[in-house]
Amino acid sequence: MLNYNEIDVLKDTCNELAEPINELLEQMIYEYEQYIKCGTPEDCMQRKEWMEMSYEDIRKNFNDTVRALQREVTNIREECTHEVIAKKTSSRYKRTRKMKLDTVNEYLKNNYRADIIDGFDTPWVTKRIVCNDGFSISVQANRCAYCTPRRDRAWPYSEVELGFPSKLDALIEGYAETEGTPQTVFGYVPIDVVNQLIEKHGGIKE
């Protein structure tokens, strides 16, 4: 859009032109100046409509606008409510899933014992797992064991400490603190591997 200085320069140029070109340009410049002051013909028409509106029409338009905004706010609130409910349902489902422990974690939880010393839990050594084929092994998970997380009562554990199996097994040899002997500790063994080990030997003996 031209500014007023540029319009003045254009007017001076028009004066140097012959008729009827200068008259046409002067008319165009005049209309352009009106356009700058009043806006486009569409803008003028809109303002005219507003000026001609009655009080009742203005109130009706205002009420319609308010109702539209209220509907929009209601829709936004409903969407937010649905999202919150969905998140709560998802969180509840996740908590429910966490309670469904695998075989080893369930054994650890069911056999957890501790003494209260100076106000703190002091966990007992969890009794050995004995399998149906006679295989046995120590499985420990607490703040003093080589496990993940390294805390008491943190079921489900993702890694646990094994120790002193009745015989060596290829599934856990790579985690041995001392190779070639069952008389050693196996630290941070993934829980899936331990479950495979127990299943391989027929499951936990009741």
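Two strands count as paired if DSSP finds at least two bridges between them, and the strands themselves are DSSP runs (E, at least two residues) numbered from the N terminus, as are helices (H or I, at least four). This is a predicted model, where local features need pLDDT of at least 70, side-chain atom pairs count only at pLDDT 80 or more, and totals for chains, interfaces and linings use all residues. Residues are numbered from 1 along each chain as its sequence is written, and side-chain values use heavy atoms, with hydrogens and water left out.

Start by selecting residues 136-140: that's strand 4, which pairs with strand 5 in the antiparallel sense over 3 bridges. Click serine 138 and look across to glycine 163 in strand 5, its bridge partner.

On the strand 6 side, glycine 163 has valine 185 as its bridge partner. Now select 159-163, the whole of strand 5: 4 bridges join this strand to strand 6, and the two run antiparallel. Valine 160 is bridged to valine 189 of strand 6. Is strand 5 mostly covered or uncovered? Covered: 4 of its 5 residues are buried, meaning under 20% relative accessible area (1.4 Å probe, protein chains only).

Last stop: select residues 55-99, helix 4, and find glutamate 79 in it. Glu79 gathers with Glu72, Glu78 and Glu83 in a patch of negative charge on the surface. Patch residues have over 30% relative accessible area and no salt bridge, with like charges joined within 9 Å; a salt bridge would be a side-chain nitrogen of Lys or Arg within 4 Å of a carboxyl oxygen of Asp or Glu.

Definitions and conventions. Patches are made of residues with over 30% relative accessible area and no salt bridge: like charges are joined within 9 Å, nonpolar side chains (Val, Leu, Ile, Met, Phe, Trp, Tyr) within 5 Å. Accessible areas come from the Shrake-Rupley method with a 1.4 Å probe; for residues, only the protein chains shown count as cover. Lys and Arg count as positive and Asp and Glu as negative; His and the chain ends are not counted. The place of a charge is taken as NZ of Lys, CZ of Arg, CG of Asp or CD of Glu. Buried means under 20% relative accessible area, exposed over 50%, partly exposed in between (1.4 Å probe, protein chains only).
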